[in-house]
Number of protein chains: 4
Amino acid sequence: MSAPREALAGRRLRLGMVGGGQGGFIGAIHRYAARLDDEYELVAAALSSDAERALESGRALRLDPQRLYTDFRDMASREAARPDGIDVVSIVVPNHLHHAVASAFLEAGIHVMCDKPLTTTLKDGLRLRELAERHDCLFGLTHNYSGYPLVRAARELVEAGELGEIRIVQVEYAQDWLARPIEDSGDRQAAWRTDPALAGPAGCLGDIGSHAAHLAEYVTGMTPSEISADLSSLVAGRRLDDHVQMQLRYANGARGMLWASQVASGEENGLRLRVYGARASLRWQQETPNELWLSVQGEPARRLTRGMRGLPAAAGAASRLPPGHPEGFIEAFAQLYRDFAHDVRAHQAGQAGLAGARRVPGLDAGIRGLQLISAALASQRANAGWVALPR
Amino acid sequence: MSAPREALAGRRLRLGMVGGGQGGFIGAIHRYAARLDDEYELVAAALSSDAERALESGRALRLDPQRLYTDFRDMASREAARPDGIDVVSIVVPNHLHHAVASAFLEAGIHVMCDKPLTTTLKDGLRLRELAERHDCLFGLTHNYSGYPLVRAARELVEAGELGEIRIVQVEYAQDWLARPIEDSGDRQAAWRTDPALAGPAGCLGDIGSHAAHLAEYVTGMTPSEISADLSSLVAGRRLDDHVQMQLRYANGARGMLWASQVASGEENGLRLRVYGARASLRWQQETPNELWLSVQGEPARRLTRGMRGLPAAAGAASRLPPGHPEGFIEAFAQLYRDFAHDVRAHQAGQAGLAGARRVPGLDAGIRGLQLISAALASQRANAGWVALPR
Amino acid sequence: MSAPREALAGRRLRLGMVGGGQGGFIGAIHRYAARLDDEYELVAAALSSDAERALESGRALRLDPQRLYTDFRDMASREAARPDGIDVVSIVVPNHLHHAVASAFLEAGIHVMCDKPLTTTLKDGLRLRELAERHDCLFGLTHNYSGYPLVRAARELVEAGELGEIRIVQVEYAQDWLARPIEDSGDRQAAWRTDPALAGPAGCLGDIGSHAAHLAEYVTGMTPSEISADLSSLVAGRRLDDHVQMQLRYANGARGMLWASQVASGEENGLRLRVYGARASLRWQQETPNELWLSVQGEPARRLTRGMRGLPAAAGAASRLPPGHPEGFIEAFAQLYRDFAHDVRAHQAGQAGLAGARRVPGLDAGIRGLQLISAALASQRANAGWVALPR
Amino acid sequence: MSAPREALAGRRLRLGMVGGGQGGFIGAIHRYAARLDDEYELVAAALSSDAERALESGRALRLDPQRLYTDFRDMASREAARPDGIDVVSIVVPNHLHHAVASAFLEAGIHVMCDKPLTTTLKDGLRLRELAERHDCLFGLTHNYSGYPLVRAARELVEAGELGEIRIVQVEYAQDWLARPIEDSGDRQAAWRTDPALAGPAGCLGDIGSHAAHLAEYVTGMTPSEISADLSSLVAGRRLDDHVQMQLRYANGARGMLWASQVASGEENGLRLRVYGARASLRWQQETPNELWLSVQGEPARRLTRGMRGLPAAAGAASRLPPGHPEGFIEAFAQLYRDFAHDVRAHQAGQAGLAGARRVPGLDAGIRGLQLISAALASQRANAGWVALPR
């Protein structure tokens, strides 16, 4: 049995967080992820704009009260001024605030790890890219499903031509937690996600459709050239889409379908990808992430397992444990944090290199995501007509 | 352990067959299906228009040489004239001949069991309906997947409201046997299915897309009100579609997607249906037909198995064996033959009743299938624009 | 898509049946099996010793009343005397009658297809072997699970050395239909199977343990050299074992475990085999019989599917349909009948050859099964001590 | 979506570690586990008896060089003397050292978290229990599979009587990493585990058989009253068992089988448990730990998922994420560390209470495990005869 991998060389990175007060979901996930591989130490936070909640949440996290903030701009400037200020900030606020918070930290020269979607408008996304470049900051976007080792294996198998020319992409992300109008009965997670003022113009599309689209893009290396989108609000009275269907066309003639739904009764967190090439196909499901199916025409389907010998190198590098010892959601999320630590250390050592060499999905992926959302909304306005995506 | 069911009362029905000579696929399937429950005896056939092949195929089937024909019209008239003439004819010729063959037998007053799709044009389909009515003949269409006991269970569960209002339909039928241009190297099955002159204007759409559409309709009891279809020929040089994607909209606001492909590397016979309602969802896959998944929001998913106690009555009636004793493709196909025997016996006893009471998908289902094909071809010509289906 | 296979050359064989009246289970299964491939025609039967039930059951099967018997000895002699007498008799009576019925037909020179276990005592089994040899009759024993194409593939893979030297055999057969004492409330199937006078001294052991043991032997080609058996009656008051555990030791040092239970709540017909060799392992489950798993050390597990290219030849020969078109229990059972038809035709053509060349498990397999039962009962008497099996 | 749970109240516990230098497996696992829930801070260690390796391993972990030791006795006494000395020590050395290391820390009054098996002899295990009691120390044993939420759900379902009286226990743990004699070619993990001087008298039995036995005991609440064990070394030349088969008998008449193997080609980490009661059965597999199957006689099998509503309370308490967000091996292992933190804090607050109230498997479980090993070795010497276990 091989040894699990251990820490990278160098000190722990100092991490700050904006958002993520008690009772939230994604902030706690980021903390698990940052902690797992021991590459970060959470030292400062603006956990809530409500002073009391910020303080109490920070105390529960055993943070130094001196470094608990209620204003993110304040936090950005004061942390930038400290000799032991944070190296990286995690942004886990609702979507409509991503742009303002990220801007503040980028302007303070602090690297950013931001939850998806990047922003609520394409214009804001483009601004962030400009800011990051101007201030020479790294920007990671937590398209966390790309942290799964077998998703990385899938990507490398496609790149290596194992599937042949890609013909068909089938991607879907089905949940049922919004199958009833729980936003009307006080569910905080549901409330902001179904409110255009907080979530932006895309509901299910932005929340999980963006994950599905990124997963397909990440594995295939292809972005659709045009799409046709039919968005629906299947729960009566809901103001944002809770159900998304798209047809995809690719420049090489390939075809695809994307389905995302938060009202699909009986589904938990059903993100699933199938990619078919002229020679073989791949199948992966997030709920059973430790296996990846490779089916070559005329041969028995093969069940590749995380950690096994013979997988592409990237899958091994993203894996902690031997096969048969399941890894999960936290581990995959943590992989992005670990990768980002790599990038930040290289940057700090003056080896920042090209953005293209970075390991974590970033501003370019985020902007492509916004372009897709934007095109989908345009298609929807045109009765699901075809809309071209920028090259 | 309960006893397997046995034969219906009455003599075996006399069966004829047109098409189905040696080397074919679907003719042999119909023969297995007709034989399994011991309700039919194959006594006459026009197995091929090639006299020698017809004779040799008939001899291999131990048929009386006196009742081997090379011309289907000849067969229809001579069998109609015999006192012991056939009760039912099975039509298993390529699609473009369905209309002519069925017409001949209907005009001779002989009941017809026809492979799908009904015909290659809607007009021909409507003519057959008229003929069947005029000659008071029964007409079964082998949408064989509706013969699976758990598909019938699914239909009854939907009817009984177990899923709540239907919201989402996801149906797909993926194969890979045409993933390479095997029609160019002498494969007979591939050759006629990819030739517009023999298969009609729809390739994959007619061959398996029609099965997927029927399955969804059969279980949900709903036909789309409009569709948008993107058909492709993903293998270069192919003249008919080998890949179909559709978006579906239903009158009650439900949405759906249909995918059919014969070039999806690694897929064998992947017909899969998922139906989501406001309360629960169903999932069934043809390759593991002895289980049906029912997932109610907030409850553990349930694995219903063929033959188990507590299933809807229709599932029990279509089942031969106790649970855990797998039934398969032949059994489901045979169910349609058994059901048709029921209908024919009732008709012979003067209890024909309304077409609506018949058990086997027939002309109405076939015509709806042709309307869908027709709409899909129209949508395709309009760059996958929306096309309404007749009510 | 390849053509399904069709009938063997030659006339249909004339089949008789003893046992299998209305309401029974296994008789109907044999009839399905005999009918499916169109190699037999049921023409005579002694369906019940009760004259009225025999007549009514025969009428329902559309048999000629002249060939319905109430006494199996009478049937044997009269059928043997007819020019168109039966070629083969199927014996589907309770275990305690196998010996008497089989003897009568062997003495009349009629080939026998008998349900398992062979007899209730080893002595009777040996007598039948002697009789069959003396009268030059073929004898098939319906260890029907060996008719599954992928079981045959498994056997060939082992023979070809794909697994390396066999190390471990894990076989089990779990059901729950006797989990409650239903024999006390009128269930006919349960009643005779739990009654030592009708079932013999072995309950679950004879009924399904014998299937599990045969499956392991059939695939591995190895019979244990010694066993230790712990039999239980887990339902209070039951007179025969309803739960069997065994440890197996093989001459080459391999080890194994056999578990059979009819009181395992929640199990339907869970016959499962795993064989581990020094290089690779195989896994097959009766409830999903169209897939076979081959796992080579350090390689991805492979899912072999019935009908796929590249399988061992024996699997192809036992398969009717292309991959993805599930076959099931009836098809596997029918395979033994088809194989027996092969053997009978060869015998009738004077090519009987050596017993070893026959395709259907027969007297030797049956006798080994009785030796195992006998050894298990001896082990049970010795507090599950080790008992050697004859070489 | 519910919020993931967060840290317990109070400061992080100070953790020490003995063993776990670079290249090892289990030490790194314990570190992940201790870190995940943020309840511990690793501050001191004797990572290796080799001074250089100890130092280098410690540096990689960013430990204070002042608190890196090469002698565990030295570490115990010096840490006990510090005002900020460790609260808990993790023991991750080879089995033969467990007793000596644990003794040193218990005598120094430091709580112990020890890898399994407890010791290599029953006598040593009993001594540790005495020491722990004398010094009022807590002792946790990392039977980590009991940390999985659905294992806890299973235990509660049994306790609540959902299965009815337990009848059958089927437990197995199959791996293949020792399928070849890799101990002869320098594999460190294999070397000590197959060497009686380091691993003790039990090989596979102690290494993973002990996990299987504990899992069965943990879920059923029952310990066998007698066992029969057949141990083998299926790889030629191996000095310890690499394959274990056992039959189990329970006081209530239930029966069971235990299989553990490290030479089962194609198996990764196949720990699987099935428990059958008079009413229903449970099934759980470590490789897909986020689902638990409950099958009630005559009802559809239910797939319970980690995190779902309606699970027993203990499962919810051990769960971090909503359903559909897979947790894995590290999370389950971490659960024991989190539980132990609970116990230690309660102890520090003077609420130690009875050992029985503790959450983590401890000395009693460890001693029962040694009794089982001892009985299995005795059975082996008696040709797999039955050996009673202490009540």
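User: What does A:Arg249 form a salt bridge with, and how far apart are the closest N and O atoms?

Analyst: A:Arg249 pairs with B:Asp230, and the closest N and O atoms are 2.9 Å apart. A salt bridge here is a side-chain nitrogen of Lys or Arg within 4 Å of a carboxyl oxygen of Asp or Glu. Before we go on, some ground rules. This is a predicted model, where local features need pLDDT of at least 70, side-chain atom pairs count only at pLDDT 80 or more, and totals for chains, interfaces and linings use all residues. Residues are numbered from 1 along each chain as its sequence is written, chains are lettered from A and ligands numbered from 1 in the order in which they are written, and side-chain values use heavy atoms, with hydrogens and water left out.

User: How many salt bridges cross between chain A and chain B, and how many residue pairs are in polar contact?

Analyst: The rule finds 6 salt bridges across that interface. For polar contacts, the count is 32 residue pairs, both at pLDDT 80 or more. (A polar contact is a pair of N or O atoms within 3.5 Å; within protein, one must be able to donate a hydrogen and the other to accept it, and residues adjacent in sequence count only if both atoms are side-chain atoms.)

User: Now chain D: what area is buried between chain A and chain D?

Analyst: About 4100 Å², with carbon and sulfur atoms giving 55%. On each side, 50 residues are in contact. Salt bridges between these chains number 6; one of them joins D:Arg62 to A:Asp38, with the closest N and O atoms 4.0 Å apart. There are also 21 residue pairs in polar contact, both at pLDDT 80 or more. On chain A's side, helix H1 (26-36) and helix H11 (329-348) are the elements that give two or more residues, and H1(A) gives the most, with 6. By class, this side splits into 23 nonpolar, 11 polar and 16 charged residues.

User: Which salt bridge does A:Glu79 make, and why does the pair tie parts together?

Analyst: A:Glu79 meets A:Arg67, at 2.7 Å from N to O. A:Glu79 is in helix H3 (residues 72-81) and A:Arg67 is in the loop between helix H2 (51-60) and H3 of chain A, so the pair links parts that are 12 residues apart in sequence. Over all chains, the whole structure has 132 salt bridges.

User: How many helices and strands does chain A have, and what is its radius of gyration?

Analyst: Chain A has 12 helices and 14 strands. Its radius of gyration is 21 Å, close to the 21 Å that the globule rule gives for 391 residues, so chain A is as compact as a globular protein of that length. (The radius is taken over C-alpha atoms, and the rule is 2.2 Å times the number of residues to the power 0.38.) The C-alpha trace spans about 65 × 55 × 40 Å along its principal axes.

User: Where is the cis peptide bond in chain B?

Analyst: Most peptide bonds are trans, and most residues other than glycine have a negative phi. In chain B, the cis bond joins B:Lys116 and B:Pro117, with omega about -10°. B:Pro117 sits in the loop between strand E4 (111-114) and helix H5 (122-134) of chain B. As for phi, B:Asn383 has a positive value, near 55°.

Key. Helices (H or I, at least four residues) and strands (E, at least two) are DSSP runs, numbered from the N terminus. Contact means heavy atoms within 4.5 Å. Buried area is the accessible area (1.4 Å probe) that two parts lose on being put together, summed over both. Ala, Val, Leu, Ile, Met, Phe, Trp, Tyr, Cys and Pro count as nonpolar, Asp, Glu, Lys and Arg as charged, and the others, Gly among them, as polar.
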